[in-house]
Amino acid sequence: MAIFRVLGPLEVSDSNGTVPLTSQRQRALLARLLMESGQVVTVDTLIDCAWSEDDRPLSPKPALQTQMSRLRSALGMLGEAVVTVPPGYRIELSEVEFDAEIFEMLLREGHESQLGDPQAALDIYEKALALWQGTAYGEFADSFAHAESSRLAQLKLNALEDRIELLLTVNDFTTAINEAKPLIRGEIFRESLWGRLMRGLALAGRSPEALQVYHDLREKLKEELGVEPSAEIRSLHLKILHEELPKPTGPVGPEYSGTHFRRTPAGLDSFISRKKELAMLGSAFADARLVTLLGPGGVGKSRLAIEYASKMESRSTCAWVELSSLHDSKNTVIAFLDALNLPLPPDEEPLDSLVIALQRRDVLIMVDNCEHVVDQVATIISALITHCPKVRVLATSRERLALKGEGILKLGPLSVYNVRDDSEIAPALQLFIDRLASAGYTLRPDDSTAMQLAAEVCRRLDGLPLALELTAGHVSSLGLEAVATATDLLGLASGSRQSDQRHHASLRAALSWSYELLSPAEQRLLRRLSVFPGPFSTDWAAAVCRDEDSPLHTVLLLLSSLVDKSLVSTRLHATSDGPTHALLETVKEFAREKIGESEKFETSLRHARTVVEWVEQTASKIGTSDDGELALIAARIGDLRAARTWTHQNDPSLALRLSAALYWYAGLRADFEIIRWSEEAANLSGVDEHPARPAVLGSAAWSAMSRGDANAAAGFIEEARLSSSQARTLPESAILLNVSGALHTYLGEPEKGLNDQHRAWKAARAAGDRVAEVASAGYLALGLSQSGDREGSDEWLNKCFTTARQTPGPSIQALIEGLAGECEMETDPDAAFGHFTRAYELASSVDAHGLIGLALTSKVTLQARISDSRDSVSAYLPVLKHWRDTGNQIHLWITLRNLIPVLSRYGQYAATLGVHAAVASSPAGLRMEFPEDESLQSAASKARRQLGEDSVLVEQKWKGASINLTVALAEDAIKSILKTGGNTSEDSP
């Protein structure tokens, strides 16, 4: 609900928090309108309050119109309340609350309730007085708002005095005395106040003090005014002196008290990005009288509670209980009594006294930072909820209170990603930009570089509000880029700030606070969980973190406890076989600071073993069902990277097993980051005799081929040959032999390629590797087809389809369809096109990017052969982009080679000869002469004839050109063909 506040500094709030009004002139205009809300304020009056005689503009009325327009704009939706009504302006508050009007309304209600229900009247006065935040109309109280400010101040003083009278009525003499004493120091001539203080002292059994008060009043009146106290005060003095005051009836004590509670602390900064949570908090109280805001340190629980309390203060009596500075849990009840301004009872239990005092009170109690005294707080709140039917409690904690009927609102970090579209600024970034502005650093949303740096800071700090606020203070001195790229961002986020809560003074302090509250076993588990680079599952947590001191069931119980204490988060949309838990990056970095070298080594070893064993088991199932294993492995990329780094440094044997197990996954998905790992693994020392090394050398050779380095690929194959126990013969490794066969084929050695593929097929069958079996049989069929042996090709294709019936995975089916299409490209183009289409659809269903690219390349090449349409030319552009994006340079070179005849056909002779020269001289070593297809040489020869003497210069320029330059040349030529209409050279006049 929106509200205008004038009972203190002028302030406007809406559902998003405080509305910033920085212009003093616009603030003055708004204040003047609010002084006569609902009434027209003339133009002249508004001009007089906005400008002094010295700075008044030459044309004040147009200037006023401009200022009023800016005021409406600054107020946003609330600007609609400011309307133009001749001869001036009016503010209409039918849909907006106004604290001054609420105050006066509550005073009327309280006055009407005084005789019939003094306790209810006390509650009403409590709400009314809670609206005040300082001098009414703030900075304008000494100028044009002086009269209205004084009127409201007098109403407040009357309310305070009426409240003291009510306290005396309900026999709460102590509170009445405590509230009257400071008032008379500012109102020494207000005799009625002195009289009420005298009555309170006398009724409390402190008659000597009451008589002394009368003596002090009499002396002041004589000294200042030369008069005696009024007849009423003199009569009261005599009654006290002769002990003639009526004795109090009914209970005496704080149980009927209208005590002034400790006020909710003011939010010192703007409230941003929690509108949804604020609404959810309000809804939670519809179903529960106890709601606990749950979340990790620094996530903004206290700030949200403050904002909620500020919204409720106009409707409810609110009290704030701050527990962060409480060091002795035995004093928890006393902290409640202090916050509620209740005396410590001498002869009864403090909790009983607290319950009695609140039994009839309608109050919302905010209890902040419960986690270190959670058991004691739970006991207190349980008693209040049970015995005080009008009490509601909002608690903030890092773990739940575990009480019956407790409503839970989990508060997570602010999102670092846009929710709906790219034009929306992520909530974490909104907060960071605001706090940067508060620190004197302006970040413009149109500065894309700066916005990206700021977004990176938000991501690295998990969107934690405390961390963002602390870090923002360093940007002005260090610069945004230095902060965004800092290696110790947690250290920057732990820069101290002024705070009365030590655990909010820095992010590291907040994390230390949580860590110190854990048991030794919980601390140990948190440290060990830090080896996970990202989300993890419960079974992985148990496998990696358990030992003789922490068996499986203990780890699971401890993990549940860390979740309850907001140090481990759960993933709401996690699959049953995927990661279900995670540490925030800031928590992870802190935990890594706590783990010792020995513990870190042992935990990292268990993590690496868990990863390798899981990959071996999961990858072996690829192709057997729906290929869900591809997505499962992709989801664990963070763990794969961590295991690869650690094993390469500490355990070469595990490193080889990891690379060997990932070969088919990486190939099918075209994940060339993982494929490249095998080149490093192949060069590790001390593992020459490891059984997985031949497969790793084969994977390394494929990695070298994929980046277009045929010599390096041949080197890995030769190394495998030389290290084989069978001299000069490759080991019986399906992966190694499959890659060797492919390399021979690319280099124009088909016989050697067929021989290796046949051995690969046998090795795959012996090992039960169905993917390798299908791949080898398919490449045998393709090789035989290209050599003209159709009968042999069909035989091996039949073997492929027979195997496929036993391995129905989409990736296997896509591989077979693609190879079948290749075999039929020359003899049955229509059938081949159907194979390629099915291969593409099957591969796309499981994101097998390697197979997607192969199907696209073959389909486009076939289309270009049988069609002269523009579509057949433009289709090469997405193929080039696909291979460039995946990083597969060998297939990029192959696609460029396939383009050469197409470019020549459409008269792009310079591009034809340039691409031909670049491909022929590339490190990929692709053969450029096909006995069965002279199109490449024919295209090059034709281009030389057309270019004449310039052909030499073109070939010299493009010989040895990089793949990126060559792709750019081809793309420009394709775009030129499309631009000129796509006519072939044969069609040209």
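In what order do the three strands of the open sheet stand, and is their pairing parallel or antiparallel? The order is 4-6-5, and the pairing is antiparallel. Its edge strands are strand 4 (41-42) and strand 5 (82-85), each pairing on one side only. Helices (H or I, at least four residues) and strands (E, at least two) are DSSP runs, numbered from the N terminus, and two strands pair if DSSP finds at least two bridges between them.

A word on the source: this is a predicted model, in which local features need pLDDT of at least 70 and side-chain atom pairs count only at pLDDT 80 or more, while totals for chains, interfaces and linings use all residues. Residues are numbered from 1 along each chain as its sequence is written, and side-chain values use heavy atoms, with hydrogens and water left out.

Back to the sheet: valine 83 stands opposite arginine 90 in strand 6. Helix 1 (residues 24-35) lies across strand 4, strand 5 and strand 6, and runs at about 70 degrees to strand 6. That angle is taken between N-to-C directions, from 0 to 180 degrees, with axes fitted to C-alpha atoms, for helices over the stretch in contact; contact means heavy atoms within 4.5 Å.

Now look at strand 11 (residues 391-397). Seven of its seven residues are buried, so strand 11 is largely enclosed by the rest of the structure. Buried means under 20% relative accessible area (1.4 Å probe, protein chains only). On one side sit Val391, Val393, Ala395 and Ser397, and on the other Arg392, Leu394 and Thr396. Here are strand pairs joined by bridges:

| Strand pair | Bridges | Direction |
|---|---|---|
| Strand 5 and strand 6 (residues 88-91) | four | antiparallel |
| Strand 8 (residues 290-294) and strand 11 | five | parallel |
| Strand 10 (residues 363-368) and strand 11 | five | parallel |

Within strand 11, serine 397 is the bridge partner of leucine 294, and leucine 394 stands opposite methionine 366.

Not counting residues up to four places away in sequence, glycine 850 touches Gly667, Leu668, Arg669, Ala670 and Trp883. Threonine 332, by contrast, is 518 residues from glycine 850 in sequence and 64 Å away in space, C-alpha to C-alpha.

How values were computed
Buried < 20%, exposed > 50% of the residue type's maximum accessible area, 1.4 Å probe, protein only.
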